[in-house]
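We will go stop by stop.

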Amino acid sequence: MPLDTSTYGLALLRVDGRRWNELRRIHAQIRTQAAADGSSYLEMGHTKVMCVVTGPSEPGPRRGAAGGAAGGGGGAGGQSKDAEVVVNIVIAGFSSVDRKRRGRGDKRTLEMQSTLANTLAATLHTHLFPHSQINISLHVLSQDGSLLAALINAATLACVDAGIPMTDYVTACTAGSTSTYAANDEGADPLLDLNHQEEQELPGLTVATLGDSDRVVALVCESRVQISRLEGMLAVGVDGCKQVREILDQVIKAQGQKMILEGTVDKGTGLNDMDLD
Amino acid sequence: MASLKRSVESDPLAANISNKIYVRSTKSGKVQKIVREVYLRQDIPCSSKLCQRCFTTAPRDASGKLIPFVLSDSPAGTKVFPQGHYLVPDTNAFLTAMDLFEQESAFYDVIVLQIVLEELRNRSLPLYNRLLSLTKSEDKRFYVFFNEFRLETHVPRLDGETVNDRNDRAVRKAVEWYGEHLARSKGKGKDVPAIVMLSNDRDNLKKAKQEGVNACSLADYVKTLKDGEKLLDMIPETQDSDQIKEKRPGDNLYPEYFSMSKMMTGVKNNLLHQGIFNVSPYNYLEGSIRVPAFPKALLILGRENINRAVDGDLVVVEVLPKDQWKEPSTQVIEEDAITKNENPDAEESDDFVSEKERKALQEEVKRTQSKTTEGHAQPTAKVVGVIKRNWRQYVGHIDQSSVSQSANQGKKQDSVFVIPMDKKIPKIRLRTRQVSELLGKRILVTIDAWDRSSRHPSGHFVRSLGELETKAAETEALLLEYDVQYRPFPKTVLDCLPKEGHDWKVPQNLEDPGWKDRQDLRDLLICSIDPIGCQDIDDALHSRPLPNGNFEVGVHIADVSHFVRPGNAMDAEASIRGTTVYLVDKRIDMLPMLLGTDLCSLKPYVERYAFSVIWEMTPSADIVGSRFTKSVIKSREAFSYEQAQLRVDDSSQQDELTTNIRILLDLSKKLKQKRLDAGALSLSSPEVKVQMESETSDPIDVKTKVHLDTMSLVEEFMLLANTSVARRIHEAFPQTAILRRHGAPPKTNFDDLANQLKVKRGLDLSVESSRALADSLDRCVDEKEPFFNTLVRIMATRCMMSAEYFCSGTQSYPEFRHYGLASEIYTHFTSPIRRYADLMAHRQLAAAIEYEAVHPSTRSRGKLEAVCKNINVRHRNAQLAGRASIAYYVGQALRGKATEEDGFVMKIFSNGFVVLVPKFGIESLIRLRDLAETEPQAEFDAENYVLTTGGSRELRVELFQKVRVRVTDQKDETTGKRGVKMELVRTY
Ligand SMILES: [Zn+2]
């Protein structure tokens, strides 16, 4: 077994060799499933997720009472003038070390679904699609920390791919702190982009911001942390979100370029304002 | 169709990302494959002050601070490396010789490789923690180099290469890199220090030689140091790597238990034996078991033979062949000391019997074999099965050194060891998610299981009692540890109390049913004599001269059975509690306060119901007649022992009450003499009293109890009452009387003590009868040392059996005998407020004198036997709890003080001795290694009980010797436990 997070102070190195302010390798692709309206695949380290977007489309038959359904619903109901964002997350049994079957009602999954739905509903221009539904389906293939962040990023990419109008990118990442709550260490460094081991051992939060701004659109903290450390963590997290945005932006532009080169889209249709440098 | 490319290949950073894949197996037998990313980098500094390059790329933390470089620019040289050197030890070096690295004389400028730290952590958490604290010390200059994350020193595992080989290669690679790196980047005109790998693994050393890497075995290296000779002792021999190979997980460490039917047949055929397993208080690897087939206890030595039995378990054992018979150990073996470096996580990799344990046992065997007197050998046995576990909840605390540093905030489970308060219980492996919250707390845990594959039993956390050393937590710990029922009485019990509450009075109307068959003794001059502050007064006395020249003497006992009716909720609760428990600062009552301290208590100046025993005695204390009656009394005064003594001694006091007490005192002395003539033993145990600060109830001082004549006055008449009642109830209920017996101790119990007295003082201890024993104890005197006699009595007391309650039908009459009191028959009658046995005796006596009908529950033998069994346990636990409470407060009273006191050596081992300090009533072990900075050599003469030390401290310690010790309280660094510590100042 390798060392744990407590050795950070020895050489300012994290358990996987990163510094405090370094992201893991992020790899992303869009338009992975030609048949879908929008799709993406995203890796943050060993956390690997896939996203498929269908819609906006006619809402399917109502599944149970509002909010009581398995999928997280965001925005207004299908009968109103805003489109409903329905998120469904499937976590593969083989995605974590212990093969674990998660039922539909798994609390953590439900919570992530609703966070995602609410975050996206606020950013997507749902008012343009009254009486319709946007279905976002996510599959978790492998888990190594920062799962919610990876899901948000993948969903953003897939929504862009689906061509759903939105205010700006919603990008997310996690931030943590180098020492535990109990250690009460004032000099703890903030950490960017936690992996699984760090998530298990250290306090952390997930933050999502809008585009290049400092506007936080989602903030989830599930662990105890001293309030004095929160500011540093948040700052690092917001900074990380900007880095993630850069990477996602490049992925989308690269895809756009490729599509133009391959002739998938006609030159000049709606691409004039796209920055192709 | 879009295809998902393998992402890593398309990444420009791919060369710098590696994956670490390892497979681990869990306790439940699952195999997990874990893949972790490793980001390789080139900005990990070498941290040498010589280096000109690394400064520029050195990492900064979030606030921009740089970690200062550690390794000296002019490291010390040795004969072989005059230019100076940095050390790079491998895992094995730290595992085998951590003490060496903590020396002040050498071992500076050490590079600790990440891979070594990792391996060390897996092998021994305590050693890992020690190494970490070394890296934090500024003057030792230990630097942790993360070789696995540095691009140049990262070593991927080759095909077919074992993990150990790869790790060794990684170490050599790092050594090589350091050499090259420093040669390139040092300042001009400076020598490049040699980078020296330290290893005790022959194979690794050989390969290093081949690769041209500087490498030394620990011994070779130490020899080149200035004071090398001294350090050499701390190093084990060089080993081949396969010797230190890890044990495969899943291997069973303990032999399998026999099936129940096999055990039963074995026991029936007398091939196997069944009994209660007991652990020696001084040696956790030695147990004993008493079985009917052998006169002496069978010894069970070593972990494998003990085979997962825990103190108190009912086990089945098989006797080992005669050539394996041994003597009981003369060595102190403490679990804390021997297993302190174990890792609660890495159970699988532990060797079953650790090197140190093996060594400790080896020395034992050597000693036994060199012995010529074979007759001393005791039969040994091994446990082949457990019939019934005696597991309960244990109070303990988490061993600080078993805790990993990432003790975290509540998601990951950690394994830690819990050290139970009871030294005889092995440490318990606990998995918990709240280590950080539980550290430094008293906690309650249970044992769940002890698998064959697990070295230690595993258990789970029950609850926390609070901070260590706080009064509340320690008191509750004590009550739990001795299974004392301390919760408030439930409503159903309180409902059984008289409705009038404190206003209850003896009815004035003599026609009241309460007066039926009660004798009016209100005009007798009755008084009570008790310890100061006693609230639950169960007994009172009177005497008066009779016209015929004889005396009438009465003992009046609180009539508890009038209030506690058999079979009701209060009775049930009292029978479970069994006894009142007295702690230094607290009393846990058997009966609700209202009864105990008011309605039953024979308080002065008020009328109370009583059960009276009245004798007519001649002036020489021969009993002419006796009678028993329920009565109403009015005590004239409640004296303390001291007050009563003063009053008796003051000849100006000539009032009737005082005169009567003088009569009682005179008679009691005669009674005592008669008892002693019959062979009653005067035994002893160190008794002390803790004085409390009255307001804060903090302990301030410890006093030895003073014995007063008035104490024996009360004692004698209580004994007499108990004996008289015993006879009466046995007469009335030959099958079901509740009695108390004290078995004669087996002669072999005294073997050691007799031999010790013979050898050391030329004294003979005869044990044929209690009379002979009493006489020979009287002869054990040392003119120069008055305490010697008490010491021998204390030691003799420990050879005794404990007295027990029993139901008369279960024993034959000769077995009724109370050995210590030299009485044919005995029971407890005089303290019904605080002992349930006495309450039963009251009911039986009331039935015997036809005061009331026999209640079915006081008649059913099965029920009575169960009651006896319970109250025996409760009685013993109450005593132990009381003693533990005193011990705790003695410790608290000594806190922060250091006093020199006289003590006596009462037990001697080959590596230490036990000293009793009578002033505080405490005894403590002084080990050889406590005597001086470095442990002195010692020679132990087991035949003569003499321990002679030489070297760092020269001493001659022998049994019974008077010594001067410094008594302090000390908090154990690793365990966080406070205890009394004794240091030997000098011998007399
Ligand atoms: Zn350097």
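Start with chain B as a whole. Chain B exposes about 44700 Å², and carbon and sulfur atoms supply 49% of that area. Accessible areas here come from the Shrake-Rupley method with a 1.4 Å probe; for residues, only the protein chains shown count as cover.

Before you click further, note that this is a predicted model, where local features need pLDDT of at least 70, side-chain atom pairs count only at pLDDT 80 or more, and totals for chains, interfaces and linings use all residues. Residues are numbered from 1 along each chain as its sequence is written, chains are lettered from A and ligands numbered from 1 in the order in which they are written, and side-chain values use heavy atoms, with hydrogens and water left out.

**Stop 1: chain B, the overview**

Colour chain B by secondary structure. You have 28 helices and 37 strands to look at. Both are DSSP runs, numbered from the N terminus: helices are H or I with at least four residues, strands are E with at least two. Of the 988 residues of chain B, 54% count as buried. Buried means under 20% relative accessible area, exposed over 50%, and partly exposed in between (1.4 Å probe, protein chains only).

Now colour by pLDDT, the predictor's confidence in each residue, from 0 to 100. Chain B averages 82, and 87% of the residues score at least 70. Select residues 240-250 of chain B: pLDDT stays under 50 there. Residues 347-351 of chain B also stay under 50. The model scores ipTM 0.85 and pTM 0.60.

**Stop 2: the zinc ion**

Which residues coordinate the zinc ion? Select Cys46(B), Cys51(B), Cys54(B) and His181(B). The cysteines use SG and the histidine uses NE2, at 1.9 to 2.3 Å. Donors are N, O and S atoms within 2.8 Å of the metal (3.2 Å for Na, K and Ca); water is not among the atoms, so sites may look incomplete.

Check the angles next. The four donor atoms make angles of 105 to 114°, and the site is tetrahedral. For four donors, that label needs all angles between 85 and 135 degrees. The ideal tetrahedral angle is 109.5 degrees. In sequence, the donor residues are spaced C-x4-C-x2-C-x126-H. Cys46(B) and Cys51(B) are both buried.

**Stop 3: Met197(B)**

Select Met197(B), in strand 6 (residues 194-198) of chain B. Is Met197(B) buried or exposed? Met197(B) is buried, because its relative accessible area is 0%. Beyond four places in sequence, Met197(B) touches several residues, including Val88(B), Val171(B), Asn204(B) and Cys216(B). Contact means heavy atoms within 4.5 Å. Then draw a C-alpha to C-alpha distance from Met197(B) to Leu218(B): 9.6 Å, for residues 21 apart in sequence.

**Stop 4: strand 15 of chain B**

Select residues 428-432 of chain B. Four of the five residues of this strand are buried, so strand 15 is largely enclosed by the rest of the structure. Strand 14 (residues 414-420) joins strand 15 through five bridges, running antiparallel. Two strands pair if DSSP finds at least two bridges between them. Asp414(B) has Thr432(B) as its bridge partner. Strand 17 (residues 458-467) pairs with strand 15 in the parallel sense, over two bridges. There, Arg429(B) is partnered by Ser458(B).

**Stop 5: Thr126(A)**

Switch to chain A. Thr126(A) sits in the loop between helix 2 (107-123) and strand 6 (133-142). Thr126(A) counts as buried, because its relative accessibility is 6%. Leaving aside neighbours within four places in sequence, its contacts include Lys81(A), Asp82(A) and Ala121(A).

Technical notes:
Tetrahedral: all angles 85-135°; square planar, octahedral: opposite > 155°, others 65-115°.
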